[in-house]
Amino acid sequence: MPANSELLLSKISPEDNSVYFFSDGLPQYGFMNDDGEGEASVLVFINTNCMEWEGEYKCIVREKTPDPTTWTTEPEYIKYTSTPKITGYKYDKNLNFDFLLNGTDVLYECIATGIPEPNITWTKKGDEQFLSVGPLLHFPSMTQADNGIYSCIAENSVGRTEGNRKWIEVNRYKPTMKYDSDPIRTYTENQILNDWVDGKMEVVVHGCPLPTVTWWKESENGRTKITEENNSYEHAFIIQRESDWSCYTDTIGNAEHSLKMHRFNKSDLGTYVAKAESSLGIVELKFIIRLDTD
């Protein structure tokens, strides 16, 4: 830079095309002379990166004389950029992620800022094949297979930011029940008299909270609940259940329940109902034991 001269920095604001001049010593700018071999050069650096400093810049060298000569560089546009920042998450506040029901429509949105606008993706811990592109993590009907730890990642040309990990888990299931023995049986009078009747009815129950299973017999007057209170040696109902398992395990299992009749007689013919009930619903299965009249 010529002796007895000064360096100015001009900026044209992108908002209103106003021109601003800055000189060395302002807190936002600094000038450094390079006195190495060859022509002198000047390094202009901006100490802060704020949106207000975006614009078109020129360096001007001006002699400190009554009739100064000036030298002006080609304009250079400085674009404001910023590292992505994850500012929050948006989801249905009515959803209780501590007690998430199987089949729930889950929407979980990651909100991020940055210039340029960041690209947002979701990853799943331990599953390299999983990649959800965009701010919205969506499970239209979430199942146990979707359980996992998910992370929001925001990335642009300036940098990359990973948000707090979110554990999303289905841990509530409506009761379901399936047959584990033949639901319809036909016996002759001779089989009944000789005690050749398989009077055991079995079901497999799934659900969380744990469903309560009861057994009933239908008649013309309605249903009668079956208990073991009036059992005797001559005739008895035996109700069996698998030991209760906990909902708070990685794999919520199935429980086997059964009703067995000891010393079956003709009065035991009819329709029986297995009923599984919890706070999330009720499900029933019917068994029919009938007399062969052919």
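This is a predicted model: local features need pLDDT of at least 70, side-chain atom pairs count only at pLDDT 80 or more; totals for chains, interfaces and linings use all residues.
A residue is called buried when its relative accessible area is under 20%. By that cut-off Tyr 150 is buried, because its relative accessible area is 1%. A pair of aromatic rings is described by the distance of the centres and the angle of the planes.

**The pair Tyr 91 and Tyr 108**

- The ring centres of Tyr 91 and Tyr 108 are 5.2 Å apart and the planes stand at 20 degrees, so this pair is stacked.
- Distant parts of the chain are linked by the pair, with Tyr 91 in strand S8 (residues 82-91) and Tyr 108 in strand S10 (residues 106-115), 17 residues apart.
- Tyr 91 is partly exposed at a relative accessible area of 29%, whereas Tyr 108 is buried at 7%.

**The pair Phe 130 and Tyr 150**

- The rings of Phe 130 and Tyr 150 form an edge-to-face pair, because their planes are at 70 degrees, with the centres 5.3 Å apart.
- This pair also links distant parts of the chain: Phe 130 belongs to strand S12 (residues 127-133) and Tyr 150 to strand S14 (residues 148-155), 20 residues apart.
- Phe 130 has a relative accessibility of 21% and therefore counts as partly exposed.

**The cluster and the charges over its rings**

- One aromatic cluster is formed by Tyr 89, Tyr 91, Phe 97, Tyr 108 and Trp 122.
- Over the face of Tyr 91 lies Lys 93, at 4.0 Å from the ring centre.
- Over the ring of Phe 97 sits the charged end of Lys 166, 4.6 Å from the centre of that ring.

How values were computed
Residues are numbered from 1 along each chain as its sequence is written. Side-chain values use heavy atoms; hydrogens and water are left out. Rings of Phe, Tyr and Trp (its six-membered ring) pair if their centres lie within 6.5 Å; planes under 30 degrees apart count as stacked, over 60 as edge-to-face and the rest as tilted. Helices (H or I, at least four residues) and strands (E, at least two) are DSSP runs, numbered from the N terminus. Buried means under 20% relative accessible area, exposed over 50%, partly exposed in between (1.4 Å probe, protein chains only). A charge sits over a ring if NZ of Lys or CZ of Arg is within 6 Å of the ring centre and within 35 degrees of the ring normal.
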